[in-house]
Amino acid sequence: MPTSITITSEFSGSVVAKGATDDLSAQLLRHAGFKQIDDWHGRRHRLPTTTPLADQVAIASHAAEMLRAARYDVTLPQSLDTARISPPVHALGPYAAGAELLSITDQIRAAEDGASLQRAVDLLLRPEHGALERVREALEAAGEQVNDLDDDAYALADRFGFASEFVSSAQSELVDSEAELRRVGASSTSYSAARTVRDHRGAALTTSPAANQAKVSSASSSQMPPHTTAGHPPRASAPDGDPGRSLRRRSPQHLHPRLVLPADPVETCRF
């Protein structure tokens, strides 16, 4: 009676093969990519939980094929069987390549900095596997095929050839643009940061309105002449430092306007 081996996917995400108790089945599972474990639960084979889903399906399907070829009875769920998994039907049908280009366009529009923009554009400009290179090759192949099918359709073949050269010119125009794309936005960001620092510094050094008002009041008070206790400004002293000089220069009439003295008492007595 053939040995029954079951390959399942656990809730942890790991794929486990149970029932391979003999050396041949264990060797086939190890050859497919399973890791053998021998503990108190017995012998079993499993894939790491970090194994990508596509690899899990490929390894499990390959192991099942080898085991069945060795006349083992293998139970494999549909989710791990490449022969039973139907390929997904793309919404655009035969125009899936256009859908992939739309996806690249969305990545370009969603780029938040120069580095992410460069990674998205690289899907177009990669010299060997970029989208532009594939389009150029397709146009070139179309022109060559037109010539092979009809020698008289050389004008149409030339048009495809010209289109292929246009794409090649576009590639040449954008060659070595990776470094420039990564720097996109870096200068504006640094300028904005420097401007923010200057604004904060200017705000920190700006004098408050109260301080300005205090300065104005202080300047006004310093320009006003000092007053004496009687409310009158003090009399300026003479330039030579003699305070009585200004008094001696004034006439008696100015000092005592109501007292009129004769110019010469001796002359008055003579008359």
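The structure is a predicted model, in which local features need pLDDT of at least 70 and side-chain atom pairs count only at pLDDT 80 or more, while totals for chains, interfaces and linings use all residues. Residues are numbered from 1 along each chain as its sequence is written, and side-chain values use heavy atoms, with hydrogens and water left out.

**Whole chain**

Begin with the protein chain displayed as a cartoon. Its secondary structure comprises 12 helices and five strands, where helices (H or I, at least four residues) and strands (E, at least two) are DSSP runs numbered from the N terminus. Of the 271 residues, 20% are buried; buried means under 20% relative accessible area, exposed over 50%, and partly exposed in between (1.4 Å probe, protein chains only).

Select residues 4–9 and 15–18, which are strands β1 and β2; they pair in the antiparallel sense over four bridges. Two strands are said to pair if DSSP finds at least two bridges between them. The two strands form a hairpin with five residues between them, and G13 in the turn has a positive phi of about 100°. S9 stands opposite V15 in β2.

Next, select S14, in the loop between β1 and β2. Is S14 buried or exposed? This residue is buried, with a relative accessible area of 0%. Its contacts (heavy atoms within 4.5 Å), leaving aside neighbours within four places in sequence, are with T8, S9, R46, L47 and T49. A polar contact of 3.3 Å joins the side chains of S14 and R46; the term denotes a pair of N or O atoms within 3.5 Å, where within protein one must be able to donate a hydrogen and the other to accept it, and residues adjacent in sequence count only if both atoms are side-chain atoms. The S14 side chain also reaches the backbone oxygen of L47 at 2.5 Å.

**Second stop: G19**

Move to G19, in the loop between β2 and α1 (23–32). G19 counts as partly exposed because its relative accessibility is 25%. Beyond residues up to four places away in sequence, G19 touches T3, S4 and I5. A C-alpha to C-alpha distance drawn from G19 to R44 gives 7.2 Å, although the two are 25 residues apart in sequence.

Select residues 114–125. Helix α4 has 12 residues and reaches 15 Å from its first C-alpha to its last, close to the 16 Å expected. Its buried residues are G114, S116, L117, Q118, A120, V121, D122 and L125. Display α3 (96–109), α5 (131–149) and α7 (178–182) as well, for these are the helices against which the buried residues of α4 pack.

Finally, select R71, in the loop between α2 (53–69) and β5 (73–75). Its phi is near 70°, positive in a residue other than glycine, and R71 is exposed at 72% relative accessible area. D176 lies in the loop between α6 (154–173) and α7. The phi of D176 is near 60°, again a positive value in a residue other than glycine, and D176 is exposed at 59%.

Definitions and conventions:
Expected span 1.5 Å × (residues − 1).
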